[in-house]
Amino acid sequence: MKEALLEINNLCVDYVSANGVARAVNNVSLTIAPGETLGIAGESGCGKSTLAFAITRLHKAPALISEGEIIYNGRDVLKMSDKELRDFRWNDVSIVFQSAMNSLNPVITIGEQLTDVIVAHKRISFKQAAVKAKELLGIVGIHGDRLKSFPHQLSGGMRQRVVIAIALALEPKLIIMDEPTTALDVVVEREILNELYDLKEKFGFSILFISHDLSLMGEIADRIGVMYAGNLIEIGDAKTVFSKPSHPYTKGLIASFPTIHGPKERLYGIPGDPVNLLRLPSGCNFQDRCADCMDICKKDDPLLIELNVDYHAACHKL
Amino acid sequence: MSFLLRRLSFYFTAFLIAISFNFMLPRMMPGDPIDALFAAAQGKMDPAQMDAVREMYGFVDGNVFEQYLSYMQSVFTLDLGPSVLMFPIDVTTVVGMSLPWTMFLALGSLIVALILGVTIGTYSSYRREGFFGQFVPPFLAFISNFPYIVTALLLFYFFGLQLELLPLAYTYDPAIDPGFTLEFIGSVAKHAVLPMGSMILVGIATWVFNMRNAMINVLGEDYVTMAEAKGLSSYRVMYRYAGRNAILPVATAIAMAIGFSFAGSIMTEVVFNYQGLGNILLKGIMARDYPLIQAILLILVSAVLTANFVADLLYVWLDPRISK
Ligand SMILES: Nc1ncnc2c1ncn2[C@@H]1O[C@H](COP(=O)(O)OP(=O)(O)OP(=O)(O)O)[C@@H](O)[C@H]1O
Ligand SMILES: [Mg+2]
């Protein structure tokens with residue numbers, strides 16, 4: 001395996017409230033290699049966005065990173081000073097937010113939102129930055145005249161492209177994409193993902209791709225991690241996760257998604273409701289919804305075990 | 001454009017209604033107000049001037065509609081007749097002399113309170129946990145909860161009477177010739193400190209809290225998080241990304257505040273014997289100078305409406321989403 005670009009070790013993120021401590025990310029460890037696309041899947045509320053925010057320390061109170069390390073290119077992100085952190089953000093890791101529609105400021109022009117990040121990190125004038133900004137818009141297929149537009153003057157798909165252009169502005173080595181296309185229709189989604197892939201070929205960045213759409217992820221990710229109630233319960237190469245999932249939750253997730261090409265099959269949902277993070281059972285978090293629950297599952301937390309080279313899952317049955 | 005046109009026609013209608021009230025009021029008073037005026041003038045007015053005043057109020061021969069038209073004509077040509085109190089000076093001249101001072105006081109204190117309040121509100125919301133965010137807004141709230149008259153009199157007492165640091169009356173030192181000189185400007189500034197300061201002190205907390213609440217809403221928005229993720233300086237995130245949006249709801253409150261500021265200035269002028277419209281209005285009321293009172297009300301209405309329109313222009317300029 002190549003030297004990791006990003007390495008997360010035993011990361012825990014807690015939401016501290018009067019009702020108790022909700023651990024939204026629990027002991028998560030993963031790596032992303034240069035140029036790789038790692039997909040993170042899991043149902044709503046399992047901690048995907050919390051994980052994404054924590055990587056560049058964007059989590060805000062009441063969220064708190066209580067344990068773990070985040071190593072980017074050998075540097076510990078959690079130990080960076082404010083200044084180092086500002087330099088690190090966007091230069092090294094940029095983010096396309098879950099609600100990309102709302103991540104553009106409605107009263108600032110597209111141009112300014114593109115150029116200010118360039119000017120903030122590079123020693124160039126706004127004028128030079130504007131030239132670069134025009135170029136970036138061109139790359140995502142938007143006419144350079146749009147620099148003067150405000151976000152409300154663009155369509156949803158165009159705004160999404162602008163956000164991607166901003167994410168590319170400093171040619172970062174890692175782009176975190178938190179459900180970047182959920183608000184778009186399927187055709188536009190497809191278009192944008194294709195473009196994204198051309199850009200990836202061209203610039204060679206890594207992607208942390210977060211989505212609950214497993215079928216989409218199967219197409220674009222090299223490896224897939226599946227989260228459940230804050231835990232990473234299975235992680236490995238995309239093909240195997242898809243064709244031979246090991247964890248019962250992953251099996252359920254895959255069975256509950258329609259395949260476009262395969263034969264018509266009955267879809268299976270996962271019985272039961274997502275667990276409440278404030279009242280986790282002892283033992284495996286998935287026990288109440290698992291068909292194969294055993295005695296040990298109610299006592300001990302299952303640990304991630306290596307099933308194969310670079311393939312891990314956390315289940316007592318394995 | 002459509003937005004501004006709509007607002008403009010709204011203000012024009014409001015103005016017409018206001019001056020029509022002005023037309024109706026003397027007609028609803030018992031007796032002939034012009035005779036009352038004549039009595040109040042105690043023989044200072046000759047009959048020819050009385051006729052002019054009658055005409056100004058539309059008490060001319062003819063039906064009500066003709067009277068109304070005649071009245072409108074004198075309003076729009078600013079032909080408002082002489083003042084009783086300062087006979088034979090025209091009320092237009094009297095008002096013209098004192099209006100600038102009231103505008104200076106009312107708008108000046110509003111603008112300063114607004115700028116300070118918005119800056120403090122922005123900063124204290126962004127640094128909610130720090131000393132500044134914890135203590136400054138409650139302290140300002142404490143100050144602004146005194147009735148205005150108490151604050152004003154306390155300032156008057158300490159800075160004017162006890163310490164004798166600042167003048168207690170007039171808009172500038174009468175010994176100085178008005179003109180564009182440092183001496184005159186200095187004198188104006190010195191005379192404005194107490195009246196304006198008292199109004200700012202009382203007004204500032206509103207803006208701090210308006211802005212802080214707006215900021216707290218905006219700080220949860222994704223575009224603020226994205227601005228932080230971009231590694232922009234916290235100054236830029238705070239003022240350009242969050243503050244720029246939080247100011248929009250605050251800007252809508254400006255229009256309302258303008259009216260209050262003019263009303264507040266009347267009280268201030270009386271306390272600090274400042275030669276603005278409020279002061280003149282009080283003297284006019286005591287002397288039953290109807291032409292003067294009417295002219296001042298008219299001018300206050302126009303000033304407030306104009307200032308409101310300027311506030312609308314500001315809003316359009318601030319929010320690009322409003323169709324121009
Ligand atoms: N501000 C907060 N205070 C307390 N708990 C929070 C807060 N924000 C999120 N959580 C909890 O943290 C957990 C993880 O939330 P997160 O937003 O990371 O989920 P997600 O996997 O991104 O879900 P989705 O697919 O809906 O975006 C959720 O259970 C949520 O209830
Ligand atoms: Mg999310």
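Me: How much space lies in the largest cavity?

Reply: This is a predicted model, in which local features need pLDDT of at least 70 and side-chain atom pairs count only at pLDDT 80 or more, while totals for chains, interfaces and linings use all residues. Residues are numbered from 1 along each chain as its sequence is written, chains are lettered from A and ligands numbered from 1 in the order in which they are written, and side-chain values use heavy atoms, with hydrogens and water left out. On a 1 Å grid over the protein atoms alone, a cavity is a set of points where a 1.4 Å probe fits but cannot get out; a pocket is an open set with protein on both sides within 12 Å along at least five of seven lines; lining residues have an atom within 4 Å of a point. Grid points are joined across faces, edges and corners, and a volume is the space filled by probe spheres set on the points. Here the largest cavity holds about 90 Å³ of space. Of the 13 residues lining it, A:Pro248, A:Cys284, A:Cys290, A:Cys297 and A:Cys315 are the closest to its centre. In total, the structure has 5 cavities of 30 Å³ or more.

Me: Which residues lie nearest the centre of the largest pocket?

Reply: They are A:His59, A:Lys60, B:Tyr126, B:Arg127 and B:Glu228, out of 23 lining residues. The elements giving two or more residues to this lining are α2 (82-91) of chain A and, from chain B, α5 (91-126), α8 (182-219), α9 (222-229) and α10 (234-271). With 4 residues, α2(A) gives the most. The volume of the largest pocket is about 790 Å³.

Me: How many nonpolar, polar and charged residues has the lining of the largest pocket?

Reply: Ala, Val, Leu, Ile, Met, Phe, Trp, Tyr, Cys and Pro count as nonpolar, Asp, Glu, Lys and Arg as charged, and the others, Gly among them, as polar. The largest pocket has 8 nonpolar, 6 polar and 9 charged lining residues. In the second largest pocket, of about 610 Å³, the lining has 22 nonpolar, 4 polar and 1 charged residues. Nearest the centre of that second pocket are B:Ile111, B:Leu114, B:Ile115, B:Ile254 and B:Leu314.

Me: How many helices and strands are there in chain B?

Reply: Helices (H or I, at least four residues) and strands (E, at least two) are DSSP runs, numbered from the N terminus. Chain B has 12 helices and 0 strands.

Me: Which residues of helix α3 of chain B are buried?

Reply: Buried means under 20% relative accessible area, exposed over 50%, and partly exposed in between (1.4 Å probe, protein chains only). In α3 (residues 47-56), B:Met50, B:Val53 and B:Met56 are buried. Viewed down the axis of α3(B), the buried residues fall within an arc of 115°, so they line one face of the helix; the arc is that of the directions from the helix axis to the C-beta atoms. The face turned away from the buried side carries the exposed residues B:Pro47 and B:Ala48. Of the 324 residues of chain B, 48% count as buried.

Me: How much area do chain B and chain A bury between them?

Reply: The size of an interface is often given as the accessible area lost when the parts come together. Buried area is the accessible area (1.4 Å probe) that two parts lose on being put together, summed over both. Chain B and chain A bury about 2200 Å², 60% of it on carbon and sulfur atoms. B:Met226, B:Ala229 and B:Lys230 supply 28% of the area that chain B buries against chain A, more than any other three residues.
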